[in-house]
Each structure stands twice: as C-alpha cells, then as structure tokens.
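Subject: The structure we talked about

Hi there,

Here is the structure I promised to hand over. Have a look at it first, and then read on for what I found.

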Amino acid sequence: MSNSVLKFCVIGDPIDHSLSPLMQNFFLKKFKINGNYAAKRVKINDLKNAIQSFMIEGVTGINVTTPLKNEVLNFVDELTCEAKIVGSVNTIKISNGNLIGHNTDAIGFQTSLQIPGYSFKDKTAIIFGAGGAARAVVVALIREQCNKIVITNRNLEKANRLVEGMINRFPKIQLEAIPMDNPEICNQIKSCQLLVNATTVGMGNSRDQSIIQNKDCLHEGLLVYDLIYRPYRTRLIQQAETCHVPWTNGIDMLIFQGIESLKFWVDQNLTLEESIYFEIKNILRREVCQE
Ligand code: NAP
C-alpha cells in the first residue's frame with residue numbers, strides 16, 4: 001500500500017466561507033486516512049487551467065461549489081449515474097488521469113431531511129433557486145415522494161429548463177416554475193409544508209438580505225430550510241424564528257454530502273456514527289457562531 005498523502009480540495013468563488021476543509025480534515029483524521037484537504041478559489045474562467053494543475057499535482061478528489069457546479073460538466077470525462085440524474089457535479093474523482101463527475105448533494109439533502117416527526121410524502125414544497133443545489137433538492141424531494149414542487153428563480157428561463165429536464169426524467173412529478181417577483185408567491189408559500197432557500201441570498205455580500213419580502217407568508221405548518229450554513233442564522237432563518245416557524249440551516253446537508261464525497265474518493269464504506277456526527281456538528285457550529 002502506498003504511503004503517499006492523498007490530496008483533496010474544494011473549489012469555488014468565493015471560497016473563504018467554506019467549512020469543507022475543517023470538516024473533511026476532521027473526517028480524514030477520524031477515519032485514519034492519510035490525506036489533506038484545502039480550499040482553493042477558482043474563478044469560472046480559470047476552471048480549465050485549475051483542473052489541469054490539480055491533475056499534475058496528483059489531487060485525488062475535488063468538491064465543487066458555487067458558481068462552478070454546472071460549468072464543471074464541460075471538463076469531466078465521465079459522469080456517474082447520480083450526476084446525470086441531478087444534472088450537476090459537486091464531487092470529482094481523479095482516477096488514472098480520468099475525471100469522474102459525481103453528485104452527493106441530493107443524498108446529502110435527503111439524509112438531512114430525516115428529521116423526527118417530519119415526512120414530506122404527499123406534501124408541497126417551494127424552492128428558491130435553480131442552480132446546482134436546487135437540482136439536487138428537487139431530486140431528493142422526488143425520492144421523498146413529495147407531491148408538488150414549485151421552483152422560483154431570478155432567472156426564470158433557468159427555472160423552466162430545470163423543470164423541463166426533471167419532468168422528462170420523472171414524468172409523474174408535479175413541478176412548476178414561477179417568477180420570483182410573482183405576487184402569488186406569498187399564497188404559494190402558505191400552501192407549502194417546506195420552503196428551501198437554494199440561492200446565495202443570505203450569505204457573503206447579501207448577508208443582510210432574505211429571499212422572502214413579506215414574512216407574514218411564513219406559517220406554523222412550514223419548515224424553513226436554508227441551505228446556507230454561514231451565517232448560522234441567515235436573515236431568512238431570523239424571519240422564521242420571529243414567526244415561530246421551525247427552521248434548519250445547511251450544516252446537516254454539508255456533513256452528509258461531505259461524507260458521501262469522501263466515500264466516493266477513497267472507495268470505502270465509511271460509517272458516520274452518531275458520536276462522530278455530533279462531534280463534527282458541534283465543531284462546525286462553534287466555528288460559524290464565533291463570527
Ligand atoms: P449556483 O448553481 O451558483 O446557483 C445560485 C442560485 O442563487 C441561482 O438560482 C441564482 O439565481 C441565485 N441567486 C444568486 N444571487 C441572487 C440574487 N441576488 N437574487 C436572487 N437569486 C440569486 O449555486 P448552488 O451550488 O446551487 O448553491 C446555492 C446555495 O446553496 C449557496 O448558498 C450554497 O452555499 C448552498 N449550498 C449548500 C450546501 C450544503 O451542503 N449546505 C450544498 C450545496 C449548496 P440566477 O439563476 O437567477 O442567477
């Protein structure tokens with residue numbers, strides 16, 4: 001067996017907010033895998049060069065985050081079945097000079113939805129966003145047998161494309177796209193049991209913003225799920241708290257998609273025991289909440 005140190009990284013722009021290095025280096029240590037994981041800022045126009053450099057450096061695994069998840073589809077040699085279904089890549093494995101694109105966001109989101117007392121079977125969900133993460137959320141909700149999914153996005157064309165592609169693959173699902181400035185959005189939310197923010201609104205430069213203009217549409221029977229984990233409580237989550245609406249942020253999804261990426265890279269069946277899950281969750285929460 002080789003003693004060489006395995007190299008992993010996460011790429012995106014911005015990337016400073018990413019908790020993946022802290023989490024994946026924790027996993028590497030816990031599972032006694034000889035490796036290290038770094039964050040690298042890669043602009044969309046530099047993606048090709050960056051990938052070539054990673055191959056030369058002997059990197060084994062790459063996580064891909066916003067805004068590169070769709071762009072990266074142009075550079076991989078093959079896609080796993082899951083990446084084809086989701087239509088986006090958040091994980092790349094470099095194996096014998098081949099780039100294999102995979103997606104662990106859908107399973108990560110689905111695992112994080114297993115909250116005691118909640119089931120989304122036959123329920124209605126509204127998703128804000130139509131990027132890579134929104135695609136994964138749609139696939140996870142279809143697997144959870146959600147009855148109806150509404151997608152709303154700033155760029156309506158993109159939302160329409162997402163809907164079209166998913167209906168081709170899953171013809172039985174009730175899926176529709178509506179504009180983000182549609183005055184009917186508030187009524188739509190009132191008829192939903194799950195609201196997911198899969199946009200970047202609420203982090204970075206838009207930290208003080210929320211995708212919801214009128215918090216009165218939030219109601220007791222709704223779970224507000226913000227995929228953002230930094231800040232820990234986004235503006236949207238603060239609105240939910242004010243209205244006594246249950247919420248969750250992106251930390252659980254981060255953990256579950258992360259362990260799936262590591263399993264894919266090292267080809268080992270790693271078990272995320274409850275004690276390890278709580279340990280890393282506390283570490284991540286502390287890191288974010290100290291800001
Ligand atoms: P992406 O593919 O770049 O998509 C970004 C989405 O945000 C698009 O729908 C975009 O709308 C929307 N958006 C950006 N700025 C906006 C604004 N000012 N107003 C309204 N909409 C805006 O990114 P992604 O990979 O899907 O990630 C989306 C979010 O999910 C990010 O916050 C990311 O951190 C989070 N995420 C979390 C996890 C986790 O494990 N917790 C995993 C994946 C993603 P347009 O199409 O109109 O540009």
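How do the residues of the shell around the ligand divide into nonpolar, polar and charged? They divide into 11 nonpolar, 10 polar and four charged. In this count Ala, Val, Leu, Ile, Met, Phe, Trp, Tyr, Cys and Pro are nonpolar, Asp, Glu, Lys and Arg are charged, and the others, Gly among them, are polar.

Before going further, a word on where the values come from. This is a predicted model, in which local features need pLDDT of at least 70 and side-chain atom pairs count only at pLDDT 80 or more, while totals for chains, interfaces and linings use all residues. Residues are numbered from 1 along each chain as its sequence is written, and side-chain values use heavy atoms, with hydrogens and water left out.

**The ligand and its shell**

There are 25 residues around the ligand, and Thr66, Ala133, Asn153, Arg154 and Lys158 come nearest. Here a residue is near a molecule if one of its heavy atoms lies within 4 Å of it.

The side chain of Asn153 has an N or O atom 2.7 Å from an oxygen atom of the ligand. For Asn155, a backbone N or O atom lies 2.9 Å from a ligand oxygen. A polar backbone atom of Gly132 is 3.1 Å from an oxygen atom of the ligand. Taken alone, the ligand exposes 920 Å², and the protein buries 85% of that. These areas come from the Shrake-Rupley method with a 1.4 Å probe, and for residues only the protein chains shown count as cover.

Which helices each supply at least two residues of the shell? They are H5 (132-143) and H9 (251-266), and H9 gives the most, with three residues. Helices (H or I, at least four residues) and strands (E, at least two) are DSSP runs, numbered from the N terminus.

**The two helices**

Let's take H5 first. With 12 residues at 1.5 Å a residue, H5 should span 16 Å, and its end C-alpha atoms are 17 Å apart, which agrees. The expected span is 1.5 Å times one less than the number of residues. H5 is largely enclosed by the rest of the structure, because 11 of its 12 residues are buried. Buried means under 20% relative accessible area, exposed means over 50%, and partly exposed is in between (1.4 Å probe, protein chains only). Among the buried residues of H5 are Gly132 and Ala133.

Just after H5 comes Gln145, with a positive phi of about 65 degrees, although Gln145 is not a glycine. Gln145 sits in the loop between H5 and strand S8 (148-153), and at 47% relative accessibility it counts as partly exposed.

H9 has 16 residues and reaches 23 Å from its first C-alpha to its last, close to the 22 Å expected. Of those 16 residues, 14 are buried, so H9 is mostly covered. Just after H9, Asp267 takes a positive phi of about 55 degrees.**Other places to look**

Lys158, one of the residues that come nearest to the ligand, lies in helix H6 (residues 156-169). Lys158 is partly exposed, with a relative accessible area of 31%. Between Lys158 and Ala130 there are 28 residues in sequence, but their C-alpha atoms are 6.3 Å apart in space.

Which peptide bond is cis with omega near 5 degrees? That is the bond from Thr66 to Pro67, and Pro67 is in the loop between strand S3 (59-64) and strand S4 (78-79). The bond from Arg230 to Pro231 is cis too, with omega near 10 degrees. You will find Pro231 in the loop between strand S11 (223-226) and helix H8 (235-242).

Lys32 has a positive phi, near 55 degrees, and is a residue other than glycine. Its place is in the loop between helix H1 (20-30) and strand S2 (35-41). Is Lys32 buried or exposed? At 76% relative accessibility, Lys32 counts as exposed.

Val86, in helix H3 (residues 81-86), counts as buried at 0% relative accessibility.

Finally, the structure holds zero disulfides (a disulfide is a pair of cysteine sulfur atoms within 2.5 Å). Cys81 is exposed, with a relative accessible area of 60%, and Cys289 is partly exposed at 42%.

Happy exploring!

Notes: Polar contact = N/O pair within 3.5 Å; in protein donor to acceptor, adjacent residues only side chain to side chain.
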